[in-house]
Amino acid sequence: MTSTSPAGPDPASRPKRRTFDPEYKLRIVAEYDAAPKNEKGAILRRERLYHSHVKEWRAARTPGPWRSWSTSAPAR
């Protein structure tokens, strides 16, 4: 019978998830929004970000009526 557990320590450690401070997020969102359409991709590549990062950061920066729904208790 063979064991399903590895024989030794994992040779490849898990990469650490990047964290972004609020000042960085605000700076990137402002730069992205001010950039012409053909330069937005260059900003994302330079910073190694995805468009979804900018979308989430922009949504967190700009509260709207839907934001209050997510913080309220669920309806019963």
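Visitor: What is the mean pLDDT of the protein chain, and what percentage of its residues reach 70 or more?

Guide: The mean pLDDT is 83, and 72% of residues reach 70 or more. pLDDT is the predictor's confidence in each residue, from 0 to 100. This is a predicted model, in which local features need pLDDT of at least 70, side-chain atom pairs count only at pLDDT 80 or more, and totals for chains, interfaces and linings use all residues. Residues are numbered from 1 along each chain as its sequence is written, and side-chain values use heavy atoms, with hydrogens and water left out.

Visitor: Where is confidence lowest, and where is it highest?

Guide: Where pLDDT is low, the predicted coordinates should not be read in detail. Here the lowest mean, 53, falls in helix H4 (residues 65–71), and the highest, 98, in H2.

Visitor: How many helices and strands are there?

Guide: Helices (H or I, at least four residues) and strands (E, at least two) are DSSP runs, numbered from the N terminus. This chain has 4 helices and 0 strands. Its pattern along the sequence is α-α-α-α.

Visitor: Which residues of H1 are buried?

Guide: Buried means under 20% relative accessible area, exposed over 50%, and partly exposed in between (1.4 Å probe, protein chains only). In H1 the buried residues are Tyr24, Ile28, Val29 and Tyr32. They sit on the same side of H1, because their arc around the axis is only 125 degrees. That arc is taken from the directions from the helix axis to the C-beta atoms. Pro22, Glu23 and Ala34 are exposed on the other side of H1.

Visitor: What do the buried residues of H1 pack against?

Guide: They pack against H2 and H3. Contact means heavy atoms within 4.5 Å. Take Tyr32: leaving out residues up to four places away in sequence, Tyr32 touches Lys40, Ile43, Leu44, His51, Val54 and Arg58.

Visitor: Which residues make up the largest nonpolar core?

Guide: A nonpolar core is a set of buried Ala, Val, Leu, Ile, Met, Phe, Trp, Tyr and Cys residues joined through side-chain atoms within 4.5 Å. The largest one here has 8 residues: Tyr24, Ile28, Val29, Tyr32, Leu44, Leu49, Val54 and Trp57. H1 gives the most, with 4.

Visitor: What is the phi of Arg48?

Guide: Most residues other than glycine have a negative phi. Arg48 is not a glycine, yet its phi is positive, about 55 degrees. Arg48 lies in the loop between H2 (40–47) and H3.

Visitor: Is Arg48 buried or exposed?

Guide: Arg48 counts as exposed, because its relative accessibility is 68%.
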